[in-house]
Amino acid sequence: FPMKLTTSEINTRLQFVRSVWPVGSILQHYKGGMYLITGHCLYTEDSQVHIIYRRISGNKFNSMNEATIEFSRPAYEFSDIIKSDEWPDIQRFTII
């Protein structure tokens, strides 16, 4: 079951994420694609703050199709370190 949060706790979480990952920020994904943060939201199922973003360029980017699709990902995943035998450890997204 999701954790019950007060309005104050929700606002504190949102303020923190907004300060680290502000709307309008352009991000580079570790695979090379570029993304724009368009908003933040609270996912009611687990009380996690999510970042809403959309792709703006990258390998095989099709602006006619992809520019209108927005994605949501838990904020903590934006700072994830991706480990692979193919490259050095790298953060999933970097603000540029």
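Colleague: What is the strand order in the open sheet, and how do the strands pair?
Modeller: The open sheet has 5 strands in the order β4-β3-β2-β1-β7, and the pairing is antiparallel. This is a predicted model.

Colleague: Which strands are at the edges?
Modeller: β4 and β7 are the edge strands, and each of them pairs on one side only.

Colleague: How much twist on average from one strand to the next?
Modeller: The twist averages 45° from one strand to the next.

Colleague: How many bridges join β3 to β4?
Modeller: There are 4 bridges joining β3 to β4, and these two strands run antiparallel. I52 stands opposite S72 in β4.

Colleague: And which strands does α1 touch?
Modeller: Helix α1 packs on the sheet and touches β2, β3 and β7. The direction of α1 makes about 175° with that of β2.

Colleague: Pick the largest nonpolar core. Which residues are in it?
Modeller: That core has 12 residues: L14, V17, W21, L27, Y35, I37, V49, I51, Y53, A75, F78 and F93. Two or more residues come from each of α1, β2, β3 and α3 (75-78).

Colleague: Which element gives the most?
Modeller: β3 does, with 3 residues.

Colleague: What is V17 in contact with, leaving aside neighbours within four places in sequence?
Modeller: V17 is in contact with H40, V49, I51 and A75.

Colleague: Is Q15 buried or exposed?
Modeller: Q15 counts as exposed, because its relative accessibility is 55% and the cut-off for exposed is over 50%.

Colleague: Change of topic. How many aromatic pairs are there?
Modeller: The structure holds 8 aromatic pairs. One of them is Y35 with F93, an edge-to-face pair at 5.7 Å centre to centre and 90° between the planes.

Colleague: Where do Y35 and F93 lie?
Modeller: Y35 lies in strand β2 (residues 34-43) and F93 in strand β7 (residues 93-95), so the pair ties together parts that are 58 residues apart in sequence.

Colleague: Y35 first: buried or exposed?
Modeller: Y35 counts as buried at 13% relative accessibility. F93 also counts as buried, at 0%.

Colleague: What about the rings of Y53 and F71?
Modeller: Their centres are 5.7 Å apart and the planes are at 35°, so the pair is tilted. The pair links distant parts of the chain, with Y53 in strand β3 (residues 48-57) and F71 in strand β4 (residues 71-74), 18 residues apart.

Colleague: What is the relative accessible area of Y53?
Modeller: For Y53 the value is 6%, so Y53 is buried. F71 is partly exposed, with 36%.

Colleague: Which residues form the aromatic cluster?
Modeller: W21, Y35, Y53, F71, F78 and F93 form one cluster.

Colleague: Last one, S25. Where does it lie?
Modeller: S25 lies in the loop between α1 and β1 (26-29). The relative accessible area of S25 is 10%, so S25 is buried.

Colleague: What does S25 touch, not counting residues up to four places away in sequence?
Modeller: S25 touches Y35, L36, I37 and I95.

Technical notes. Residues are numbered from 1 along each chain as its sequence is written. This is a predicted model: local features need pLDDT of at least 70, side-chain atom pairs count only at pLDDT 80 or more; totals for chains, interfaces and linings use all residues. Side-chain values use heavy atoms; hydrogens and water are left out. Rings of Phe, Tyr and Trp (its six-membered ring) pair if their centres lie within 6.5 Å; planes under 30 degrees apart count as stacked, over 60 as edge-to-face and the rest as tilted. Buried means under 20% relative accessible area, exposed over 50%, partly exposed in between (1.4 Å probe, protein chains only). A nonpolar core is a set of buried Ala, Val, Leu, Ile, Met, Phe, Trp, Tyr and Cys residues joined through side-chain atoms within 4.5 Å. Contact means heavy atoms within 4.5 Å. Two strands pair if DSSP finds at least two bridges between them. Axes are lines fitted to C-alpha atoms, for helices over the stretch in contact, and angles run from 0 to 180 degrees between N-to-C directions.
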